[in-house]
Amino acid sequence: MHRLFHVANNTALWVLCVSFLALLLVWRRRPKGLPLPPGPPRRFLISNISDLPRKFSHLGYNALCKRYGDIVYLDAFGMPLVLLGTQQAAVDLLGRRSAKYSDRRFSVMADLTGFSWFFAVNPYGPKWRKARRAFSETMNPNIVARYRPIGERAVRRYLLRLLEDPENYRSNALYMYNGTIIAVAYGLDVHAKSDNDKYVKIAEKTMKSFHEAFGLGGNYVHRFPILKHLPSWFPLAGFKRRLPEWSADARRLRDEPWEAAMKALNEGKAASSMASVLTGDANTEEKVSIAKSACASAYAAGADTMFATFNMFVAAMVLFPETQRLGQAELDSVVGRDRLPTIRDKAQLPYLSALLLEVFRWQPVVPTGVSHLAMEEDEYRGYHIPRGAVLLPNSWAYSRDPLVYPDPEEFKPERYLRNGKLYVGEQDPGTFVFGYGRRVCPGRYFAEEMLFTTVASVLQCFDISGPRDKEGLPVKFELKFMDVSPMLPEEFECHIRPRSTAAESLVRTACSEAEVAGLE
Ligand code: HEM
């Protein structure tokens, strides 16, 4: 009796197990009979929510890919997520099949706040296409050359600030990139004593609101758009109480600098800018709105990313002083010590060009890239990718591929050099740090020029060093990062001093406000 009960019990268990496995297989098989990519098992009610990393998601996603494979499937409360663990998978899908993967996740927050002028968050469609076209018209490699004087002037002012206020090198750098984008987008010259300074403040405040709205607070609404119907007094509806402030900020950044640019244009005082190019054609309400979107998007996507990259450069110079010395030696022999370098020197500065490439790779500032949405179902390496799946690249993981980048944690500009010449080949970090396909960063040409000018000018005139002990000797320190987007290094002890009295006087001469004002 006891034995019979045992057998019956075992049989029941087997039947249960087999049915469960069959169910699982049916569940994971999709229309074409293909399975979904592998991934951690989904849990009852919470699907894969507990598998999603809470912090530094590039590390968590990388760990999942190491465990399950190049592409990994997760279910976030019904939203399919596909992690792309290798650069090959990202290029194959987001790049080569970009016709299928150029959408963005619908953002209810963009509509609620009015941030839908930021075309980076727009779904793939006519609105995005028009804004992107307008943006690219004013940011292609030929046009970018027109903005060089703006970038050079901003860098010169920054050098002066480094001399006079080296402790605040970070906040001054942020001001430099903010001001540069405002000048490029609207032709408004921004410096502390000018009236235009207020546009930097508007832009900073607006981006704070943007991150609040699209970050943690607004996240629930992204996931469950139905929450937008909650009354504002409801406990989970804190985002609703903030909406008026976020919307006002979104409007201000889109409208106020644009209006100032139009006024300057009408008075014949405007410098060449994105606005001055786009306004020529902006003869309907729709075209004006597109032009405003393109200009404000430049600020929203451009200033923080350049600022973050510059901070990674400073950290690299502190941690790898030999590369700093080699960069300076190249500058001394090619540019000399009597003038500042410009982008026109780049072709003669292979080591410095390689150094900037290595900054992009060593710590990608958008480590998980920007997600793309599948516009139709697809098949990849025998797996089914459902329509509406969110595809997440992982630039950080690609930058750590030891087959492409041996010793990936080391900062080695020489990776990109052959016989003293720049040789990028398959190692080009630009193929992942700026994203993919139809959504690839349209500001990259400008970013590369501006960052090159900053890096070369700072190294020409200053020595950068890190923490020291009581005897003044360098001490080792561990670089830590802030879990923000774009990613930033945590603040660390950093000393920035002129390389010589000659370098100091070069900065003062080149940067005197009078000369700066007459640069154009
Ligand atoms: C080092 C600096 C920069 C980095 C690392 C960077 C990186 C990126 C990345 C990863 C994307 C997403 C691409 C994708 O969806 O696959 C992106 C998009 C974008 N970037 Fe950049 N970017 C930088 C500088 C800039 C600058 C200076 C501007 C403007 C002048 C800019 C404007 C944009 C815009 C407008 C988009 C949205 C494109 C779209 O959705 O169609 N970026 N960028």
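Author: A pocket, on a 1 Å grid over the protein atoms alone, is an open set of points where a 1.4 Å probe fits, with protein on both sides within 12 Å along at least five of seven lines; a cavity is a set from which the probe cannot get out, and lining residues have an atom within 4 Å of a point. Points are joined across faces, edges and corners, and volume is the space filled by probe spheres set on them.

This is a predicted model, in which local features need pLDDT of at least 70 and side-chain atom pairs pLDDT 80 or more, while totals for chains, interfaces and linings use all residues. Numbering runs from 1 along each chain as its sequence is written, and side-chain values use heavy atoms, without hydrogens and water.

The part to look at is the second largest pocket, with a volume of about 570 Å³. Its lining has 23 residues, and those nearest the centre are Thr86, Gln87, Tyr398, Asp401 and Val404. By class the lining divides into 9 nonpolar, 8 polar and 6 charged residues (nonpolar: Ala, Val, Leu, Ile, Met, Phe, Trp, Tyr, Cys, Pro; charged: Asp, Glu, Lys, Arg; polar: the others, Gly among them).

Four helices, α2 (57–68), α3 (87–96), α16 (395–399) and α17, each supply at least two lining residues (DSSP runs numbered from the N terminus: helices H or I, at least four residues; strands E, at least two). Of these, α3 gives the largest share of the lining, 4 residues.

Now follow the chain around two of these helices. The loop between α1 (2–28) and α2 holds Phe56. Phe56 is not a glycine, yet its phi is positive, about 40°. With a relative accessibility of 22%, Phe56 is partly exposed (buried is under 20% relative accessible area, exposed over 50%, partly exposed in between; 1.4 Å probe, protein chains only).

At the other helix, the loop between α17 (430–433) and α18 (444–461) contains Cys441. In the unreviewed UniProt entry, the annotation "binding site" covers Cys441; such annotations may be inferred rather than shown by experiment, feature names are shortened, and positions follow the numbering used here. Cys441 counts as partly exposed because its relative accessible area is 25%.

Two further loops have backbone features. Arg381 lies between β4 (378–380) and β5 (383–385). Its phi is near 45°, a positive value in a residue other than glycine, and Arg381 is partly exposed at 42% relative accessibility. Further along, Pro486 is in the loop between β10 (481–482) and β11 (488–489). The peptide bond that leads from Ser485 to Pro486 is cis, with omega near -5°.

Across the whole structure, 4 cavities of 30 Å³ or more are found. The largest cavity holds about 120 Å³, and of its 13 lining residues Ala154, Arg157, Gly179, Thr180 and Val190 are closest to the centre. Helices α7 (148–164) and α8 (169–186) each supply at least two residues of this lining, and α7 gives the most, with 6 residues. The lining of the largest cavity is made up of 7 nonpolar, 2 polar and 4 charged residues.
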